[in-house]
Amino acid sequence: MRRGFAPLGMFALCAALLGTPFVAQLAGAATAERVSFDSFDIDPETGQPVIISALYFRPEDNAADAHYASGKMPAVVALHGCGGMYSAVPARRDRLTERHQAMADLLVAEGYAVLFPDSFNPRGRREICSLKLSDQQITQDNRRLDVLAALSYLRTRPEVDGSGVALFGWSHGGSAVLATMNRRHPLVAQFLAADASADSFYRTAIAFYPGCYESVYTRFGYAPASPVSIFIGASDDWTPAYRCVLLGEKMVKFSEPLRVRTYPDAYHGFDTPNMSTPLHLDVPTGVHPGQGVTIAPNAAARDDAFMRMKEQLRAAFAP
């Protein structure tokens with residue numbers, strides 16, 4: 001289904017949202033295989049599954065030996081935010097942004113295969129940051145179905161350990177992480193019930209500055225299927241931290257494995273690479289609709305979050 005791409009006038013906004021665009025063939029950059037798989041989501045116009053395009057990165061075959069004696073690799077599914085996963089530079093529209101490429105490089109160096117599924121372009125959008133919430137037709141319901149299908153796809157890869165897959169996402173993708181990990185949602189419960197092994201769902205999950213509203217107030221209640229960490233800036237004026245803190249407090253009360261770490265003086269996009277000064281973005285959403293939002297780097301927050309992220313993945317994938 002094609003709803004039309006965002007106008008080129010959005011270039012400046014997307015470039016700001018996504019950081020310095022990825023430059024092809026950076027030294028040491030991991031290279032990707034282009035793959036596709038059927039989402040569990042159905043295109044209402046065709047009645048057929050939405051075909052999700054994706055980029056798949058894998059380390060050298062012997063890199064898996066550090067994790068599994070079988071030689072099969074653990075893997076991470078990484079979910080883009082509302083700006084999409086590709087560069088906003090027209091000449092490089094099919095290449096990852098620097099943030100996404102940097103994370104692919106980091107994870108591949110740790111010995112993990114990485115799958116970046118694109119939930120937007122297959123549905124006719126490059127980005128949805130410029131849209132009001134009421135106009136965003138690609139919802140967490142759509143993305144949840146993409147993410148469940150991504151796990152099923154990775155199980156078909158002979159080099160991937162299907163019981164050793166983690167989930168990772170930024171912003172809108174972080175919200176998709178939370179939506180997918182909620183075992184009380186009927187679709188997730190159905191997926192889990194059909195699975196032969198309780199350990200073969202996403203082993204752990206990490207969400208960077210997600211919107212937590214839907215998870216806090218879902219009518220189904222919230223309970224993570226496996227351990228989840230949220231990293232968010234206390235000063236975030238796009239996806240406010242207080243809702244994630246509220247979710248974390250509820251999870252602690254019910255002894256559920258979800259924890260929230262907030263960073264003082266950190267804003268949305270605190271892990272943005274190669275960015276030295278804050279940016280003000282005129283988007284229609286945020287804590288103060290119509291007043292824009294802030295994207296700002298915070299090296300201390302980024303370093304701490306990345307350290308904890310790596311520790312969490314290593315613990316989850318320990319033999």
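Tutor: About 13,600 Å² of accessible surface is computed for the protein, and 53% of that surface belongs to carbon and sulfur atoms; the areas come from the Shrake-Rupley method with a 1.4 Å probe, and for residues only the protein chains shown count as cover. The model is predicted, so local features need pLDDT of at least 70 and side-chain atom pairs count only at pLDDT 80 or more, whereas totals for chains, interfaces and linings use all residues. Residues are numbered from 1 along each chain as its sequence is written, and side-chain values use heavy atoms, with hydrogens and water left out.

Of the 319 residues in the protein, 57% are buried, a term that denotes under 20% relative accessible area, with exposed meaning over 50% and partly exposed lying in between (1.4 Å probe, protein chains only). Among contacts (heavy atoms within 4.5 Å) that join residues at least 6 apart in sequence, 76% link residues at least 24 apart.

The protein contains 8 helices and 10 strands; these are DSSP runs numbered from the N terminus, helices being H or I of at least four residues and strands E of at least two.

Strands of a sheet pair through backbone hydrogen bonds, either parallel or antiparallel. Strand β3 (residues 73-79) pairs with β4 (residues 113-118) in the parallel sense over 3 bridges; pairing requires that DSSP finds at least two bridges. Within this pair, V76 stands opposite V114 of β4. With strand β5 (residues 160-170), β3 also pairs in the parallel sense, over 6 bridges, and there V160 is the bridge partner of M73.

In a regular strand the side chains alternate between the two faces of the sheet. From β3, M73, A75, V77 and L79 point one way, while P74, V76 and A78 point the other way. Because 7 of the 7 residues of β3 are buried, the strand is largely enclosed by the rest of the structure.
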